[in-house]
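The following note sets out points for a colleague who has the model at hand. Please read each point beside the coordinates.

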Amino acid sequence: MLSSGKFGLENLPEMFGPHLTLDLSECDRRKLSDLSHIYDLLDELPDVIGMHKITPPYTFIYRPGDNPSEWGVSGFVIIAESHISIHTFPDRNTAFVDIFSCKQFDIHKAVDYVVAKLDAHKADKKLSGRGKEYPRQVEAAREIVIRSRPSLKQ
């Protein structure tokens, strides 16, 4: 299993939530092309990272007529905290996964789960803090608004 390393954004107080993107390569082609396997990944991952599904996963196979090698399985699941999506490219042994949440989650657990589920041998992981101008704390939000709109200072 790949080591997920340190990201450094796990607990930033002044952000709306983390957005984790995974570019996975050298994955198991059979798993990438298996619609039920991708469905199961999207169905199980919210529970693994403490999120709450508000819809069942939606998965489908896409076969572009103009570029047959770019076919794959795509899917998403809407969670109360935002969404998780995946796009696979079995002929290239590659997958792309996005996890966006308005609350903190165990990023390392998410990476380890997805990497294992797709048997990925390489993973490029990026984490960004979304909504830095929309912090979770009301007082912090008030201070940002006042700094950006000097006419509100009294």
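**Notes on the model**

1. Apart from residues up to four places away in sequence, Thr59 touches Leu35, Ile38, Tyr39, Leu42, Ser74 and Gly75; contact here means heavy atoms within 4.5 Å. Thr59 belongs to strand β2, residues 58-62. Thr59 has a relative accessible area of 16% and is therefore buried. The classes are buried for under 20% relative accessible area, exposed for over 50% and partly exposed in between, with a 1.4 Å probe and protein chains only.

2. On the basis of the work: this is a predicted model, in which local features need pLDDT of at least 70 and side-chain atom pairs count only at pLDDT 80 or more, while totals for chains, interfaces and linings use all residues. Residues are numbered from 1 along each chain as its sequence is written, and side-chain values use heavy atoms, with hydrogens and water left out.

3. On the overall fold, the chain has four helices and six strands. Their order from the N terminus is β-α-α-β-β-β-β-α-β-α. Helices (H or I, at least four residues) and strands (E, at least two) are DSSP runs, numbered from the N terminus. Of the 154 residues in the chain, 39% are buried. Among contacts between residues at least 6 apart in sequence, 68% join residues at least 24 apart.

4. With neighbours within four places in sequence set aside, the contacts of Ile99 are Pro18, His19, Leu20, Leu45, Ile49, His83, Ile84, Phe105 and Ala110.

5. On the aromatic residues, the whole structure contains three aromatic pairs. In one of them, Tyr58 and Phe60 have ring centres 5.4 Å apart and planes at 40°, so this pair is tilted. Rings of Phe, Tyr and Trp (its six-membered ring) pair if their centres lie within 6.5 Å; planes under 30 degrees apart count as stacked, over 60 as edge-to-face and the rest as tilted. Tyr58, Phe60 and Phe76 are linked by ring pairs into a cluster. Tyr58 is partly exposed, at 47% relative accessibility, and Phe60 is also partly exposed, at 32%.

6. Which residue lies over the face of Trp71? Arg63 does, at 4.6 Å from the ring centre. A charge sits over a ring if NZ of Lys or CZ of Arg is within 6 Å of the ring centre and within 35 degrees of the ring normal. Trp71 is also one of the residues in contact with Phe89, together with Leu32, Glu70, Thr94 and Phe96, leaving aside neighbours within four places in sequence. Phe89 lies in strand β4. Although Phe89 and Arg29 are 60 residues apart along the chain, their C-alpha atoms are separated by 8.4 Å.

7. Ser82, in strand β4, has phi near 150°, a positive value in a residue other than glycine. Asn93 has phi near 55°, likewise a positive value in a residue other than glycine. Asn93 is placed in the loop between β4 and β5 and is partly exposed, at 27% relative accessibility.

8. On the surroundings of Ser82, contacts beyond four places in sequence are made with Val77, Phe100 and Ser101. The side chains of Ser82 and His83 form a polar contact at 3.3 Å. Such a contact is a pair of N or O atoms within 3.5 Å; within protein, one must be able to donate a hydrogen and the other to accept it, and residues adjacent in sequence count only if both atoms are side-chain atoms. Ser82 and Met51, 31 residues apart in sequence, are 9.2 Å apart from C-alpha to C-alpha.

9. How many disulfides does a search of the whole structure find? The search finds zero, a disulfide being a pair of cysteine sulfur atoms within 2.5 Å. Cys27 is buried at 4% relative accessibility, and Cys102 is buried with a relative accessible area of 18%.
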